[in-house]
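Work through these exercises with the model open. Try each task before reading its solution.

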Amino acid sequence: MSRAVDILDRISAMKASGEPFALATVVRTVAATAAKAGAKAVILADGTLSEGWIGGGCARAAVLKAAREALADGKSRLISVQPLDVLQEQGIAPGDERAGVRFANNMCPSQGTMDVFVEPVLPRPQIVICGSSPVAVAIADLGRRIGFAVTVCAPASDQAAFSEADRRIEGYALPVDEAGGRFVVVSTQGRGDEAALQAALAIEADYVAFVGSGKKAQALKAVLAERGVSAERLAKLKAPAGLDLGAITPDEIALSILAEIVAVRRRGRQREPALAP
């Protein structure tokens with residue numbers, strides 16, 4: 001019982017810290033196996049088994065490989081480790097995948113079968129909002145309600161515009177690289193546009209958008225190019241931000257931007273920059 005409590009505490013602590021990991025759970029065993037149904041293990045992004053136990057080397061290699069892949073693409077996997085003769089009776093080779101189950105060979109003397117469910121536990125996707133405009137405030141409010149972690153970046157004097165945020169950064173000193181999906185929206189409305197855009201384009205993010213006209217974005221990109229921002233980075237900027245819903249009010253514009261972020265996150269679909277001449 002104490003070990004079960006230990007691993008649950010470890011899982012809770014890692015989720016709270018935002019550290020990505022994979023959770024492997026034995027869901028079924030047949031014949032003799034070292035680990036039984038319900039056994040769990042925490043696996044880190046580098047493939048290290050951090051806590052728990054799912055048996056010896058019989059299943060470890062296949063499970064660790066599945067954990068690394070799950071953390072890379074965010075998808076769960078079901079691994080069935082079986083003796084080679086049992087696999088051959090079913091016409092299955094090690095490495096085959098059928099109906100969502102990947103099969104691996106159990107080369108241990110126990111010759112048992114073990115099914116292990118491997119699920120990635122990733123940080124909540126993060127929306128980074130630069131600026132404190134009414135659109136920025138609306139994005140923060142709606143973004144938290146649909147499950148995003150919200151980071152607010154604005155001068156100290158403007159932070160009070162946001163009633164709630166998961167993290168606050170004074171100014172635009174954004175962390176360069178963080179785990180999990182990150183979506184950046186610059187909505188500064190003329191107050192620090194250039195500084196915010198330069199900071200947003202300098203970090204690794206799945207999406208960077210500017211709330212403003214295409215014409216204004218084009219002018220800002222020209223300024224940033226003169227400052228040394230690469231053409232590759234500038235090409236990542238989405239402007240105007242959001243899907244074309246005919247939005248007018250701050251709440252409607254926020255909805256259009258979050259709809260675009262959801263599309264990018266769920267389908268990996270990004271619009272090509274559509275800047276006015």
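**Exercise 1.** Which residues line the largest cavity? Note that the model is predicted.

Solution. Begin with the space itself: the largest cavity holds about 40 Å³. Next, list the lining. Ala200, Leu201, Ile203, Glu204, Ala205, Val208, Arg233 and Lys236 make it up. Then sort by class. Five of these residues are nonpolar, three are charged and no polar residue takes part.

**Exercise 2.** In what order do the seven strands lie in the open sheet, and which strands stand at its edges?

Solution. Read across the sheet: E3-E2-E1-E7-E4-E6-E5. The pairing is mixed. Now look at the ends. Strand E3 (49–52) and strand E5 (97–98) each have a single partner strand, so one side of each lacks a neighbour in the sheet. Then zoom in on one pair. Strand E1 (residues 21–30) and strand E2 (residues 40–44) run antiparallel, joined by five bridges. Within this pair, Ala22 stands opposite Ile43 in E2.

**Exercise 3.** Which helix gives the most to the lining of the second largest pocket?

Solution. Take the volume: about 370 Å³ lies in the second largest pocket. Of its 19 lining residues, Ser17, Gly18, Pro123, Arg124 and Ala149 are the closest to the centre. Now assign elements. Helix H1 (2–17) and strand E9 (149–154) each supply at least two lining residues. H1 gives the most, with four residues. Last, the classes: seven nonpolar, six polar and six charged residues form this lining.

Key:
Residues numbered from 1 in each chain as written. Predicted model: local features only at pLDDT ≥ 70, side-chain atom pairs only at ≥ 80, totals over all residues. Heavy atoms only, no water. Pairing = 2+ DSSP bridges. 1 Å grid on protein atoms, 1.4 Å probe; cavity = no way out; pocket = protein on both sides within 12 Å on 5 of 7 lines; lining within 4 Å. Points joined across faces, edges and corners; volume = space filled by probe spheres on them. Nonpolar A, V, L, I, M, F, W, Y, C, P; charged D, E, K, R; others polar.
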